Amino acid sequence: MQAKKFQRCDNAVKLKQPLEKLWEEAIPKDCKVVVIYSSLIHFIFPLVGLKEVLVDSFLTLGAKGLTLAFPAFNFGFCQGTPYHYNNSKSQTGVLANWILESKGVKRTPHPIYSFALIGPQADQLMACENITTFGSGSTFEFFENQNAEIIMFGCGWDSCSQFHRYEELNKVPY
């Protein structure tokens with residue numbers, strides 16, 4: 001689902017109720033896992049309090065029993081930059097880094113395709129073997145098996161890495 005644009009306001013606290021309504025509309029009631037790809041640069045958000053309001057909205061969803069996964073990818077590992085899932089910053093946007101700064105959030109250990117996790121199935125996601133990035137036992141297989149809802153929050157489907165799973169499974173030649 002493509003997220004709606006918010007009206008301009010000077011204080012992020014005013015976004016609290018519209019965000020709650022957005023998540024209520026975007027996430028099916030029977031959904032247990034949501035993957036949120038994001039690019040906040042495309043929104044006209046107020047800067048004051050934005051981090052707190054956004055992160056709080058996701059922590060609230062997690063407290064209600066929803067598991068949320070935010071791409072916290074790190075492509076520097078491919079160029080030899082050391083990676084540690086507890087210490088390395090996400091290179092795929094500020095939202096994942098804000099989530100990672102929150103208490104109780106976990107991060108999958110994959111050195112390139114890691115996810116910041118909130119919610120009751122975080123430990124199951126942490127346990128994914130990821131022998132191949134997109135194949136059997138991977139985080140992406142978990143999302144598929146859980147029928148995860150994918151939300152594109154300020155970015156297009158070209159940012160969705162779930163498609164790579166199906167490319168690998170179908171042995172797409174490049």
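1. Helices (H or I, at least four residues) and strands (E, at least two) are DSSP runs, numbered from the N terminus. The model is predicted, so to speak of local features a pLDDT of at least 70 is needed, side-chain atom pairs count only at pLDDT 80 or more, and totals for chains, interfaces and linings use all residues. Residues are numbered from 1 along each chain as its sequence is written.

2. A pocket is an open set of points on a 1 Å grid over the protein atoms alone, where a 1.4 Å probe fits, with protein on both sides within 12 Å along at least five of seven lines; lining residues have an atom within 4 Å of a point. Volume is the space filled by probe spheres set on the points, which are joined across faces, edges and corners.

3. The second largest pocket holds about 230 Å³. Among its 17 lining residues, Tyr37, Pro71, Phe73, Thr92 and Ser159 are the closest to the centre. β1 (33-38), β2 (67-71) and α3 (94-100) each supply at least two lining residues, and β1 gives the most, with 3.

4. The largest pocket has a volume of about 450 Å³. Trp23, Glu24, Leu61, Lys64 and Leu66 are the closest to its centre, out of 18 lining residues. α1 (16-26) and α2 (50-63) each give at least two residues to this lining.

5. Strands pair if DSSP finds at least two bridges between them. β2 and β4 run antiparallel and are joined by 4 bridges; Pro71 has Phe115 of β4 as its bridge partner.

Conventions. Heavy atoms only, no water.
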